[in-house]
Amino acid sequence: MRGWRWQRRSWNGMRAVGGMVLNQVRAVFFDLDNTLIDTAGASRKAMLEVIKLLQSKYHYKEEAKTICDKVQVKLSKECFHPSSTCINDLRTLHWEEAIQETKGGAANRILAEECYFLWKSTRLQHMILAEDVKAMLTELRREVRLLLLTNGDCQTQREKIEACACQSYFDAIVVGGEQKEEKPSPSIFYYCCSLLGVQPGDCVIVGDTLETDIQGGLNAGLKATVWINKNGIMPLKSSPMPHYIISSVLELPAVLQSIDCTVNMSA
């Protein structure tokens, strides 16, 4: 990769490598949420808007934050089965339950819908592909093929993709909810490889989640896995070990450069 300064990293700031690489990178798979876009930050901003609504319009002075906290917990434990319900109904139910658990009384579906759709629309408004990320993707695509690989409900993920307008930066987009299996299953990675006409050993996966992005890349035998550890957390000993660790997706070109350097030295 031309023109990018690179820095080696591992758990304590140095590069961690799972072995020598034998051929150059031909494709990079990117996760979406909290990798290319700040989904967590967008969700926090959306919750603040709902708190303002509940406090100003409904006078839920202290209860507003409690309701939003309860919804956040429900979202974190969410099990969605598209065959039995739609994601809008499920998430409206989260709000309905949180309001009832906090305020008591009868279920208030109308208020729940108002809260949910305000949260959803505000969150999507804040899902932005930053200009420096766009520039990086544009530069990388001159050298390698790029694919977006995201887990989750197809409606929700397609709405995010539309909101951040990232389609033009990728050769292909794969949403886990549209496939038989999601990350970390090897099958979805093999499907991605087939779309791009490459082998697993030609590819790198970049993501923020050890259990899906990194474990999936390891399961599929990709060339390298790159973990984005924004908060510098220390993972559990039982967690999968990525080949590379970076604090921002913008450091990726340096990692790819270092892989290519290893190839050249091996040759």
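The chain has nine helices and six strands. The model is a predicted one. Of the 267 residues in the chain, 48% are buried. Contacts between residues at least 6 apart in sequence were also examined, and 66% of these join residues at least 24 apart. The accessible surface of the chain amounts to about 13,100 Å². Carbon and sulfur atoms account for 52% of that surface.

Strand β1 covers residues 27-30. A27 and F29 point one way from β1, while V28 and F30 point the other way. All four of these residues are buried. In a regular strand, side chains alternate between the two faces of the sheet. Strand β1 has pairing partners in β2 and β4. Strand β2 spans residues 145-150 and pairs with β1 in the parallel sense, over four bridges. Within β2, R145 is the bridge partner of A27. Strand β4 spans residues 203-207 and also runs parallel to β1, joined to it by four bridges. Here A27 stands opposite C203, and V28 stands opposite V204.

Strand β4 is largely enclosed by the rest of the structure, because five of its five residues are buried. C203, I205 and G207 point one way from β4. V204 and V206 point the other way. Besides its pairing with β1, β4 pairs with β5 in the parallel sense over four bridges. In that pairing, G207 stands opposite W227 of β5.

The largest pocket holds about 1,100 Å³ of space. It is lined by 42 residues, and D33, L75, R91, R123 and K160 are the closest to its centre. Several helices contribute to the lining. At least two residues each come from α1 (39-56), α2 (63-76), α3 (87-103), α4 (109-125), α6 (154-164) and α8 (210-220). Helix α1 gives the largest share, with seven residues. By residue class, the lining of the largest pocket comprises twelve nonpolar, 15 polar and 15 charged residues.

The second largest pocket contains about 340 Å³ of space. Its lining is made up of 16 residues. D208, I228, K230, N231 and I233 lie nearest the centre of this second pocket. Two or more lining residues come from each of α8 and β5 (224-228). Helix α8 also supplies at least two residues to the lining of the largest pocket. The lining of the second largest pocket divides into seven nonpolar, five polar and four charged residues.

One lysine was examined individually. K120 is found in helix α4, one of the helices that supply at least two residues to the lining of the largest pocket. The relative accessible area of K120 is 13%. Buried means under 20% relative accessible area, so K120 counts as buried. Neighbours within four places in sequence were left aside when its contacts were listed. On that basis, K120 is in contact with N88, Q155 and E159.

Terms used
Residues numbered from 1 in each chain as written. Predicted model: local features only at pLDDT ≥ 70, side-chain atom pairs only at ≥ 80, totals over all residues. Heavy atoms only, no water. 1 Å grid on protein atoms, 1.4 Å probe; cavity = no way out; pocket = protein on both sides within 12 Å on 5 of 7 lines; lining within 4 Å. Points joined across faces, edges and corners; volume = space filled by probe spheres on them. Nonpolar A, V, L, I, M, F, W, Y, C, P; charged D, E, K, R; others polar. Buried < 20%, exposed > 50% of the residue type's maximum accessible area, 1.4 Å probe, protein only. Contact = heavy atoms within 4.5 Å. Areas by Shrake-Rupley, 256 points an atom, 1.4 Å probe, with all protein chains shown as cover. Pairing = 2+ DSSP bridges.
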